[in-house]
Amino acid sequence: MAEPSDPNAPWVTPAGMITVALTAALFLFFLQYLPVVPRDGAVQWVWDWIPSLQVRLSFWLDGLSLMFALLITGIGTLVMLYAARYLAGHPQYNRFALYLFSFMLSMLGLVLADNLIALFVFWELTTFTSYLLIGFSHTDPKSRRNALQALLLTAAGGLALLAGFILIGITQGTFELSQLNAAGSMAEHPIYLGILILVLLGAFTKSAQVPFHFWLPNAMAAPTPVSAYLHSATMVKAGVYLLARMHPSLSGSDVWVYTLTIFGAVTAVFASFMALRQTDLKQTLAYTTLMALGTLVMFLAGSSGYAITAAMTFLLVHSLYKAGLFLVIGIIDHETGTRDANVLGGLARAMPITAVAAGLSGLAMAGIPPFLGFIAKEVAYAGALTMAISWFVVIMGMAAFALMFAVALIVAWKPFFGPQGDLPRTPHEGPWAMVLGPITLAVIGLLAGLLPGVTAYYLVEPAVAAVMGAPDVGGRLKLWAGFNLPLLLSVLTFALGFVLYKVHARLRAMLADMEARAIDMDASWDVFLDRFMALAKGQTRVIQTGVLRHYMFVTFAVFALSVLVTLILRPAAAPFLDFTGIGFVEWGIAALIIAGTVLVVLTSSRIAALVGLGVVGIGVALIFIAYSAPDVAITQILVELLVVVLLAVALLKMPHLDRTGKQTHRPFDAGLAVLVGGVTTWVLLRVTNAPFDRRLTDFFEASSWTEAFGRNIVNVILVDFRTLDTFGEIAVVIVAALGAYALLKGGQKAPPDDTPDATKEDR
Amino acid sequence: MNSIIFTAGARILVALLFVFSLFMLLRGHHLPGGGFIGGLLGAVAFIVYSLACGPAEAKSALRASPEGIAAVGLGIALVAGLVAFFFGDPFFTGQWYWVGGDSYETSIFSLNTVLVFDIGVYLVVLGSILSIAYAFEEET
């Protein structure tokens with residue numbers, strides 16, 4: 001399944017190098033804050049965006065966002081360089097670079113945003129850009145389907161999140177995260193539970209917690225660099241980031257502790273078993289990502305310094321080794337043409353540097369000393385012992401870590417040092433642009449473990465302080481913490497993991513058997529989506545009849561009833577009819593209008609009906625003339641004229657009015673017409689009975705000549721006093737004309753069946 | 001419609017209607033008229049012509065596409081509003097230049113952005129109505 005890549009194609013393209021350079025520059029920009037943040041605290045940048053809605057574009061760089069920003073830009077640089085080589089010669093590489101870069105920027109905005117609404121906007125931007133990335137191989141229906149699945153699930157969670165954010169903003173009076181967190185826990189608030197559920201829905205869908213986990217392995221349809229980026233430090237960590245970011249304001253209740261512990265633990269253990277069950281290395285890694293996300297959520301349930309330190313350390317470790325291993329799998333796939341764990345083996349001789357990178361990352365993943373992974377595991381056990389249901393967390397944690405140890409051996413050891421299978425291609429070492437990423441990440445992982453004090457001071461402790469909302473005591477990250485319970489648990493984990501590796505082939509068969517009998521969430525998703533579409537189609541058929549008469553009936557009925565209700569609810573003095581001063585001419589015009597109306601209703605000829613309508617329109621224009629409004633009258637006459645002429649052109653081609661069919665609707669139409677007419681008359685009488693406010697008239701009469709040098713007030717209002725309104729109107733006129741033009745011209749030319757079954761496949 | 005009398009009469013009628021539409025546009029600031037009414041009249045003129053001689057000939061008589069005319073009109077209206085920026089006034093404030101004097105009474109005539117804006121309105125209305133009308137006639 002290697003993506004088309006031509007080894008001889010030039011890969012140093014402008015699109016690739018510019019995005020790499022920009023991302024690297026951003027990385028350096030954030031790197032300069034590394035000494036600043038632990039010393040001086042958070043940095044803030046603010047722009048007013050929509051001041052009237054309290055929406056500010058404010059960025060907040062504290063320990064947590066700095067760690068994320070460095071991971072996003074650092075891994076981003078390596079991944080983009082890798083992708084340039086990996087997709088060299090791909091016809092749509094430029095598009096890919098744009099998507100990846102946009103995704104990187106949205107992710108960066110997400111972790112830096114201080115305003116909840118801004119955070120939500122960036123959150124949704126990552127959803128859209130990841131949709132484009134996952135569905136990059138858009139000719140493959142499976143790829144499109146999986147991208148859409150990820151989009152729908154995470155966007156649905158995003159909507160819940162928006163509702164939660166708005167509730168927070170209303171109840172707390174601010175959208176600024178820094179202020180919310182400073183105010184402390186909102187667990188006492190009466191609607192806290194509602195807010196928590198909505199925010200957790202957003203975080204759990206994004207971070208793929210069971211039962212929303214199934215989109216993540218499917219998202220592996222993306223090219224490998226995308227998987228490496230999305231599933232290590234970015235997209236899926238967004239939910240974890242949100243939980244960490246809102247920890248001070250949302251934690252502090254039993255609901256928080258138990259929900260996060262249970263969902264996190266179940267996700268972690270379930271995913272570890274699923275990881276063991278896969279044979280495709282990329283799928284295996286995808287499930288270990290799920291496992292890591294579950295573990296992170298589980299530790300964020302706690303509030304002790306050790307639990308949070310465990311979460312932050314593990315987050316850092318996981319981002320480094322997971323990105324590295326994904327990139328290694330990409331190299332293997334690129335160079336050998338397969339990702340099957342059963343076939344791969346003995347690659348160490350052909351690709352030594354990749355093997356070193358894989359080995360280092362694998363050791364970090366397995367949690368062997370002196371890697372940071374080992375420290376993370378030690379802190380994790382120490383943290384687990386401080387948590388609410390510690391026996392549960394310890395057991396689930398050990399199961400997950402042991403399984404991860406086994407998976408690390410499968411992914412990083414076996415392909416390089418295990419027995420060789422039958423490979424589709426003779427393996428070679430990957431090109432430097434691709435090897436650079438994994439080796440860099442692996443070395444950083446090793447250094448971070450060898451220098452735990454530096455890692456803790458610059459990265460982990462500021463992040464922990466940000467999550468806890470209080471200065472951290474620190475000093476928890478040590479390579480050697482003495483003989484204690486966590487160390488014992490670590491040794492137990494290694495033993496258990498090694499046993500699991502030895503029996504993994506048999507275990508795999510067993511798991512496959514179990515999986516076949518369990519509920520398949522992925523298939524249920526398809527069923528759900530099908531039913532949902534059927535429901536949508538059904539209700540559309542009921543509401544959208546496609547008969548113009550029905551639409552008009554509903555429109556007029558809604559108008560008449562809503563006005564009628566208002567008139568009844570807001571009583572005023574009964575309007576009286578005053579016929580004084582109405583002369584022969586006015587009565588004549590009224591008779592003309594009535595005659596026209598009667599003709600429209602009774603005639604059986606379309607043209608006659610049209611002429612009748614024209615008579616009514618001209619009658620109205622005559623009223624305007626009688627009451628000295630010449631501009632309005634001229635416009636009315638011209639519009640009537642145009643309508644009659646245009647409709648006549650159309651109606652000439654239509655058949656004679658059919659009055660032989662069922663006419664059951666006519667009494668209803670008549671009733672509605674009388675109702676609309678009556679309501680309108682009533683409104684007009686009430687309006688004219690009210691005393692006339694002359695302020696505007698006086699103003700325009702006084703100033704149209706002195707200020708705008710015009711004697712025709714109507715025209716002066718149109719082109720001078722209210723020019724912006726007129727401009728808007730003529731813009732609408734153009735849009736309406738283009739719409740009508742497209743309807744008339746476009747309908748006939750479209751080929752009848754130009755995208756066969758496209759919608760069916762897309763589901 | 002194949003009426004010789006109509007076809008022959010239409011040619012004169014169209015010219016008169018079109019001149020009348022320009023007349024309505026220009027007198028609009030002081031007397032009934034203006035861009036909307038002028039544009040509608042201009043559209044009527046060309047629709048009468050297309051009914052007499054067919055939409056194809058009417059289109060060629062117009063020389064430009066109706067949609068293009070409408071778009072240009074919108075652009076002219078926008079430019080008329082933007083001129084105010086050069087004089088430090090808010091968007092769409094009318095700008096007046098008196099030729100041969102310094103006020104309405106003393107000058108021979110005036111150059112102003114208000115009329116430019118009205119010309120834009122005229123073109124938008126003319127182009128929009130004609131694009132619908134021609135599409136209609138070709139469709140049916």
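How are α3(A) and α4(A) oriented to each other?

1. They are roughly antiparallel (an angle over 145 degrees), since the axes of helix α3 (residues 63-86) and helix α4 (residues 93-112) of chain A cross at roughly 175° and come within 9 Å. Axes here are lines fitted to C-alpha atoms, for helices over the stretch in contact, with angles from 0 to 180 degrees between N-to-C directions, and helices are DSSP runs of H or I of at least four residues, numbered from the N terminus.

2. This is a predicted model, in which local features need pLDDT of at least 70 and side-chain atom pairs count only at pLDDT 80 or more, while totals for chains, interfaces and linings use all residues. Residues are numbered from 1 along each chain as its sequence is written, and chains are lettered from A and ligands numbered from 1 in the order in which they are written.

3. Among the residues of α3(A) that meet α4(A) are Phe68(A), Ile72(A) and Met80(A), and the α4(A) side includes Phe96(A) and Leu100(A); contact requires C-beta atoms, placed from the backbone, to lie within 7 Å. The residues of this contact divide into 12 nonpolar, three polar and no charged, where Ala, Val, Leu, Ile, Met, Phe, Trp, Tyr, Cys and Pro count as nonpolar, Asp, Glu, Lys and Arg as charged, and the others, Gly among them, as polar.

4. Between the chains, the contact takes 39 residues from chain B and 36 residues from chain A. On the side of chain B that touches chain A, α5(B) gives the largest share, 15 residues, and the residues of that side divide into 26 nonpolar, nine polar and four charged.

Methods
Helices (H or I, at least four residues) and strands (E, at least two) are DSSP runs, numbered from the N terminus. Angles under 35 degrees count as roughly parallel, over 145 as roughly antiparallel, 65 to 115 as roughly perpendicular and the rest as oblique. Two residues are in contact if their C-beta atoms, placed from the backbone, lie within 7 Å.
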